[in-house]
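These are my notebook entries on one model.

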Amino acid sequence: MTWLVLGLGLIVRLCMSGQFLLAPDEAYYWQWSRYLALGYHDHPPMIAWAIWLATQLLGHTEFAVRLPTVLALAFASVYLCLLARYWFSWQTALQVALLSQGVLLMTGSALIATPDGMLLLCWAAACYHAARAVERDTLLQWLLTGIWFGLGMLTKYTMLLFLPSLFFAIVFTTAYRQRLLSIRPWLGLVVGCMLFTPVILWNMENNWVTFRHVLFQGGGQGGGDQGPFFTLSFLPEFFGAQAALVSPLIFLCILAGWVKGWAGNQLPRAQASFLIWMSLTTFLVFTLLALHVRIYGNWPAPAYLTAFVLIAALYNSPGQARKTGQKVSRYYLWWFGLGLSFVASMLIMAQLLYPVLPLRAELDRAAQETRGWDTLGELVDKEVQGMPQPDETFVFGLRYQFASELAFYMQEQPHTVSINRWSRPNVYDFWFQDEMLLGQDAVGIFEHEPVITVLPEVFERVDPVEPVTIKRTGPWFGEEKLHTLYLARCYGFKGGLAWIPKNPADVRAVQ
């Protein structure tokens, strides 16, 4: 039954993945795959490499772009179920399978092609092999742990938190503490670090730009949505986002599971300790960061993987509930929470395809992210053909999101440009230099009409802007406006693509 649940989940996601337009970040990572490198401004290169391989095999389509993360979530679920079976039972593995297929955070990580989906695979695999390594202390399991850690570091820097999580799991578990005296775990660490070497080399050649970016997002000098160094204002949003993405009752079960796993005697002490440390450490790190900066809801995602195994083992059958003195009502509450998570995920998945929920366009995040980009691409195509020299006209966005969506949805998928001068640095600054475009005309898209006043800084002449309205039609409110953007025809590019820091102390600014 466990494998049936995982197989059905995979089939559903494969069928869905090509049925809705790319969200802006997905188009951005697809753009990365057209400029293969050992590193990128925002993240390590794994997502770009995976999308490149998929699109080389299957073409530049939504299905191909999302295939790596859809498969990654499936294999992450397999590893979690194997861990549950290894330590507990197939009944627990089935519960984990249901969690991994029903929780919105997992579904979103699969269907939206970002580094998170592949990160979850690497974290889940590393946890499984680490669990076997701490018990049996075999070189093979430590090396596999190191390999998956290294692959995770090539995917997203959040994987770095795997190291303190595993260290605490070993140090604070008496049965495992002696493993640190063996050379085997350290050999695994060396292998993982070696896999990460390409990213280090790339950053050495590029002024450590990725690490500057990560430091900025974490609230480093000039970074983050900062107010005071210590503030409680971001915590409600942080906990609310976690409860929404994991589902409220499952989130409460996880919080309770962290307490019960330590305080109770339902699970073997060593296994409970391992599962807690491999989840709670990451959660606490982001909770502490939320006292300083705004934390995106998906950032703590790896924290929930071993937490799923933990709560599945704690709440997996009414028989165990009676045996341990736990009230059977908690078991049924568990199933109610699991059912709610499935309902929420299915509604959001359906909303990606058709507006089934009575949400106004301004509140419908799914529609705002995935509707109208093909229409915008067709419009910009026509505008380019109407320029005096279409073959010498480039297309730009004043945000990387617009540039990336236009690149994917315009005919022949041209290499578009993001003019970052007034916004924020990103990987486009590495792909285009002013000299490549000097003197050319351009057609651009942006979202704030006053921007027209600064475009003459980089062009000889700019025509009056034209508003572009992207709409959607649904059964609840009829035709609604999703976006109002602005289109500009520009002539004679003078230079000025790259980001200019407004604050000299900004950690992203190269000194």
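I began with the rings and found a cluster in which ring pairs link Tyr28, Tyr29, Trp32, Tyr35, Tyr40, Tyr400, Tyr428, Trp431 and Phe432. I took rings of Phe, Tyr and Trp (its six-membered ring) as paired if their centres lie within 6.5 Å, with planes under 30 degrees apart counted as stacked, over 60 as edge-to-face and the rest as tilted. The model is predicted, and I therefore read local features only at pLDDT of at least 70 and side-chain atom pairs only at pLDDT 80 or more, whereas totals for chains, interfaces and linings use all residues. Residues are numbered from 1 along each chain as its sequence is written, and side-chain values use heavy atoms, with hydrogens and water left out.

Entry: aromatic pairs. I noted 44 aromatic pairs in the structure. One of them joins Trp3 and Trp90, and it is edge-to-face because the planes stand at 80 degrees, with the ring centres 5.6 Å apart. Trp3 belongs to helix α1 (residues 2-16) and Trp90 to helix α5 (residues 90-102), so this pair ties together parts that are 87 residues apart in sequence. Helices (H or I, at least four residues) and strands (E, at least two) are DSSP runs, numbered from the N terminus. Trp3 is partly exposed, at 40% relative accessibility, and Trp90 is partly exposed at 41%. I used under 20% relative accessible area for buried, over 50% for exposed and partly exposed in between (1.4 Å probe, protein chains only).

I then looked at Phe394 and Phe396, whose aromatic pair is tilted, with 6.3 Å from centre to centre and 50 degrees between the planes. Phe394 is buried at 5% relative accessibility, and Phe396 is buried at 0%.

Entry: charges over rings. I counted a charge as sitting over a ring if NZ of Lys or CZ of Arg is within 6 Å of the ring centre and within 35 degrees of the ring normal. Arg66 lies over the face of Phe20, 3.8 Å from the ring centre. Arg399 has its charged end over the ring of Phe402, 5.5 Å from the centre.

Entry: nonpolar cores. Which residues touch the most other members of the largest nonpolar core? I found that they are Phe162, Phe274, Val380, Phe396 and Phe459, in a core of 154 residues. Helix α7 (residues 115-136) gives the largest share of this core, 15 residues. A nonpolar core is here a set of buried Ala, Val, Leu, Ile, Met, Phe, Trp, Tyr and Cys residues joined through side-chain atoms within 4.5 Å. In soluble globular proteins, nonpolar side chains tend to be buried together.

I listed the contacts (heavy atoms within 4.5 Å) of Phe162. Beyond its neighbours within four places in sequence, Phe162 meets Trp123, Ala126, Cys127, Ala130, Thr145, Phe149 and Met278.

Entry: a helix pair. Helix α8 (residues 139-153) packs with helix α9 (residues 162-171) at about 150 degrees, and their axes are 11 Å apart. The two are therefore roughly antiparallel. The axes are lines fitted to C-alpha atoms, for helices over the stretch in contact, with angles from 0 to 180 degrees between N-to-C directions. Angles under 35 degrees count as roughly parallel, over 145 as roughly antiparallel, 65 to 115 as roughly perpendicular and the rest as oblique. I noted Trp142, Thr145 and Phe149 of α8 in the contact, together with Phe162, Leu163, Leu166 and Ile170 of α9.

Entry: single residues. Not counting residues up to four places away in sequence, Arg508 touches Arg212, His213, Phe216, Arg424, Pro425 and Trp499.

Pro388 is in the loop between α20 (373-385) and β1 (393-397) and is exposed at 60% relative accessibility. Leaving aside neighbours within four places in sequence, Pro388 is in contact with Asp441 and Tyr491.

I recorded a positive phi of about 90 degrees for Ser247, which is not a glycine. Ser247 lies in the loop between α13 (235-246) and α14 (248-263) and is buried at 6%.
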